[in-house]
Amino acid sequence: GPVVLGTPVDLGSVGQGATTGAIDFSRYQRDAFGNATLLQRRAIPRTSQTTLIDKGQVDRIRSTLLALRASSAMWLGLEDDSDPYYESLALLGLVKQWDIELAEREKSWLKLDIEGI
């Protein structure tokens, strides 16, 4: 597998409702009789996570995410690799989209959509 070198950055604690899935690039066609021809292609893993961050971390996290444009990184939703959800929330990939919701007085919500490479 790949070797990832870098500096870890804490992006908060993943909240409930994180999702894992894939974008499937497989194709299929049907002929005039409804018979299917299948062409299996790669599926790209993806995850959406919402983390709770302290108000004082917003500017640093925002700068970090802006600096990661068009760059791959290792994303770990959980630190404990014995957790059954660990692999589902660990992904070498790109941030597709992110938003920081400045809704609470002392905390903010960071929403990340990550696609594997």
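**Chat on strands, core and salt bridges**

Me: Lys107: buried, exposed or partly exposed?
Reply: Lys107 counts as partly exposed, at 30% relative accessibility. Buried means under 20% relative accessible area, exposed over 50%, and partly exposed in between, with a 1.4 Å probe and protein chains only.

Me: What kind of model is this, and how is it numbered?
Reply: It is a predicted model, where local features need pLDDT of at least 70 and side-chain atom pairs count only at pLDDT 80 or more, while totals for chains, interfaces and linings use all residues. Residues are numbered from 1 along each chain as its sequence is written, and side-chain values use heavy atoms, with hydrogens and water left out.

Me: What is the average pLDDT of the chain?
Reply: The chain averages 94, and 100% of the residues score at least 70. pLDDT is the predictor's confidence in each residue, from 0 to 100.

Me: Where is confidence lowest, and where highest?
Reply: Lowest is strand β1 (residues 13–14), with a mean of 91. Highest is strand β2 (residues 19–24), at 97. Strands (E, at least two residues) and helices (H or I, at least four) are DSSP runs, numbered from the N terminus.

Me: Back to Lys107. Which side chain does it meet in a salt bridge?
Reply: Asp54, at 2.4 Å from N to O. Lys107 is in strand β8 and Asp54 in strand β5, so the pair ties together parts 53 residues apart in sequence. Asp54 counts as partly exposed, at 36% relative accessibility.

Me: How many salt bridges does the count come to?
Reply: Two. The rule is a side-chain nitrogen of Lys or Arg within 4 Å of a carboxyl oxygen of Asp or Glu.

Me: What does Lys111 pair with?
Reply: Lys111 forms a salt bridge with Glu101, and the closest N and O atoms are 3.2 Å apart. This pair links distant parts of the chain, with Lys111 in strand β8 and Glu101 in strand β7, 10 residues apart. Lys111 is partly exposed at 38%, and Glu101 is partly exposed at 34%.

Me: Now the sheet. How many bridges join β5 and β8?
Reply: Nine, in the antiparallel sense, between β5 (residues 43–54) and β8 (residues 107–116). Strands pair if DSSP finds at least two bridges between them. Thr50 stands opposite Lys111 in β8.

Me: And how many join β2 to β5?
Reply: Six, again with the strands antiparallel. Ala22 has Pro45 in β5 as its bridge partner. β1 also pairs with β5 in the antiparallel sense, over two bridges, and Ser13 stands opposite Leu52 there.

Me: Which residues of α1 are buried?
Reply: Val58, Ile61, Thr64 and Leu65. They cover an arc of only 130° around the axis, which puts them on the same side of α1. The arc is that of the directions from the helix axis to the C-beta atoms. Exposed Asp59 and Ala67 sit on the face turned away from the buried side.

Me: What covers the buried residues of α1?
Reply: The cover includes β5, β6, β7 (90–101) and β8.

Me: How many residues make up the largest nonpolar core?
Reply: 11, among them Val58, Ala73, Trp75 and Leu110. α1 (58–67), β6 (73–76) and β8 each supply at least two residues. Such a core is a set of buried Ala, Val, Leu, Ile, Met, Phe, Trp, Tyr and Cys residues joined through side-chain atoms within 4.5 Å.

Me: What is Ala73 in contact with, leaving aside neighbours within four places in sequence?
Reply: Leu68, Leu91, Leu92 and Gly93. Contact means heavy atoms within 4.5 Å.
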